[in-house]
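Today I am opening my notebook on a new structure.

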Amino acid sequence: MPTLRTEAVSKEFGGVQALKGVTISLPAGSTLGLIGPNGSGKTTLLNIIAGLEKPTSGAVMLGETRIDHLPANAIVKLGVAKTHQIPRPFAEMTTRENVSVAVMYGRRRIKDTKRSLNEADRLLSLLGMDARRDLPASSLTVQEKKRLELARALATGADVILLDEVFAGLSSDELRDSIQLFRKIRGEVGFSALIVEHVMGAVLTLAERVVVLEEGAKIAEGTPDEVVHNEAVIRAYLGFEENDSPG
Amino acid sequence: MVALAVILSDLLFGIMLGCVFAVVAHGLNLIWGVVKVVNIAHGEFIMLGAYGAYFLNVFGGFNPLLSAVVDGALGIFVGYAFYFSFLHRELRGKERITLRSEMVTLVSTFGLSLFMSNLAVVAFTGDFVGINWSPGTVALGFLELPLGALYVTILAVLIISTSVVFLDRTYIGNAIKAYSQDITATQLVGANPTKVASLATALGFSITMAGGALLTVWIPTGINPYMGALYAPISFVIVVLGGPGKMLGSLLGGLTLGVVIDVLQAFVPVSLAYAVAFLLLIPVLLFRPEGIVK
């Protein structure tokens, strides 16, 4: 299981600097949180790692392999999988078919449809979704669709998983369940996780280290505790200007 | 009694004709449904399949059933060539097909259509030709069914059902189905979108050209460079009737059109029967643009 790193990754969209030289490191088996206000470049960074966007400059390394020039499907085959912020299930397929496609085409390349469906069932039961496996994916609730995203990412056999706001938009009960579930899965399947959220709760609970982005630049990095007490972070989140801080 | 026999035989012939139409349309449906490109030159590839069967018959003594197999194999190569010359530039790296790409492919395949039918006039002359193949008839009560048409019907149903099972049950079929629903999500489970889209296009062409060969049984003197101008609209109507991207929709649309045309022929001149059949397109597009079945 290799370390995933971005090295001074910048991205420009038509004159707008979406990312300004962001360097992060995700050692094997660790959990890194990536937080920041809306529009801070979190999703762009994730898309660059997953191969959906190319960086304007900088590099993405998986161990000793440079991966930023590779297409997204090749990156999946190297063991890096991403979930979508807005779930994108194959709506006309059943839940288990959705997962089995990822088993077939992911890193493990289990081409036999029966075996891949069995593996899909195993993952769905790990995620507590047995009862949903024969339903069309379009009929799932938002929370279930987010779980399906995670199931598909796991199904590719990835050892690095990029989670784009899987904990967003959940009620507090659902959030608690999801965090518990995530820990359970982590116990059974080993992988490194890069968790992107704009709400901090889940990230601060799960991540060992946290990187904070603001307007495309990294403004803080540290343990969850260090980050929440960092002044720059507080300013970024609460939107205080230097001269109008309270008191 | 006589009238009933006529209607019954028209119905039966309509079903058989509909199955052949269905195959021809199925190739279009696959490309339309998966790659989201409407190939205006579709009819010319049917024509190519029909001429393929004709020349295989003239020079190799092949019957249209055998030719359908050969055409189907050739269609794979033709489909790949089509994908990489007409679609690849428009689809490469895209999350979904853009309006601009839709226009580009519509116009470029329209150009291809004109080019192919005119080239066919030069290569094959404008003469109408046909394949002389009559394996006899079989009596079914008071009806005499031509065996050739019956074999063609069986092969047609076999082609469509095999393709449906292929899409549902196989490694490659699953990726094609996934691609038809979400290109980026397909890429993010590890499938190469170019490989999937080009393969789906190749399959579509394979089926289209095989369909062209099967069609020759129904047009004993009707193979000509401009035949695409009739069979492309028929295919479009069938795909719209059945719903683009619905694989069994081809069969349903084909049967509907075949029966409508054949039964109408009992009452009105042939050309009017086709006109009425095409008229079906308007209410379906207006009221059920997703096809007649949900």
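**Entry 1: aromatic rings**

I counted aromatic pairs, and over all chains the structure holds 17 of them. My rule was that rings of Phe, Tyr and Trp (its six-membered ring) pair if their centres lie within 6.5 Å, with planes under 30 degrees apart called stacked, over 60 edge-to-face and the rest tilted. I noted Phe13(B) and Trp218(B) as an edge-to-face pair, 6.2 Å centre to centre with 85 degrees between the planes. Phe13(B) is in helix H1 of chain B and Trp218(B) in the loop between H8 and helix H9 (228-242) of chain B, so this pair ties together parts 205 residues apart in sequence. For helices I used DSSP runs (H or I, at least four residues; strands are E, at least two), numbered from the N terminus.

This is a predicted model, so I kept in mind that local features need pLDDT of at least 70 and side-chain atom pairs pLDDT 80 or more, while totals for chains, interfaces and linings use all residues. Residues are numbered from 1 along each chain as its sequence is written, chains are lettered from A and ligands numbered from 1 in the order written, and side-chain values use heavy atoms, without hydrogens and water.

Next I looked up Trp32(B) and Phe236(B): their ring centres are 6.3 Å apart and their planes at 70 degrees, so the pair is edge-to-face. Trp32(B) belongs to helix H1 of chain B and Phe236(B) to helix H9 of chain B, so parts 204 residues apart in sequence are tied together. Phe236(B), at 17% relative accessibility, counts as buried.

I also found one aromatic cluster formed by Tyr51(B), Tyr54(B), Phe55(B), Phe59(B) and Phe124(B).

**Entry 2: charges over rings**

I then checked for charges over rings (NZ of Lys or CZ of Arg within 6 Å of the ring centre and within 35 degrees of the ring normal). The charged end of Arg152(A) sits over the ring of Phe90(A), 4.7 Å from its centre. Arg186(A) lies over the face of Phe191(A), 4.9 Å from the ring centre.

**Entry 3: domains**

How is chain A divided? I wrote down domain 1 (1-41 + 54-72 + 202-242) and domain 2 (81-157), with bounds from an automatic or database domain assignment. Taken over C-alpha atoms, their centres are 28 Å apart.

**Entry 4: cavities**

I searched a 1 Å grid over the protein atoms alone for cavities (sets of points where a 1.4 Å probe fits but cannot get out), and lining residues have an atom within 4 Å of a point. Two cavities of 30 Å³ or more came up. Among the residues lining the largest cavity are Gln143(A), Phe167(A) and Ile185(A). Helix H5 (142-155) and helix H6 (172-188) of chain A each give two or more residues to that lining.

The second largest cavity has a volume of about 60 Å³. Its lining includes Arg152(A) and Leu188(B), and H5(A) gives the largest share, three residues.

How values were computed
Buried means under 20% relative accessible area, exposed over 50%, partly exposed in between (1.4 Å probe, protein chains only). On a 1 Å grid over the protein atoms alone, a cavity is a set of points where a 1.4 Å probe fits but cannot get out, and a pocket is an open set with protein on both sides within 12 Å along at least five of seven lines; lining residues have an atom within 4 Å of a point. Grid points are joined across faces, edges and corners, and a volume is the space filled by probe spheres set on the points.
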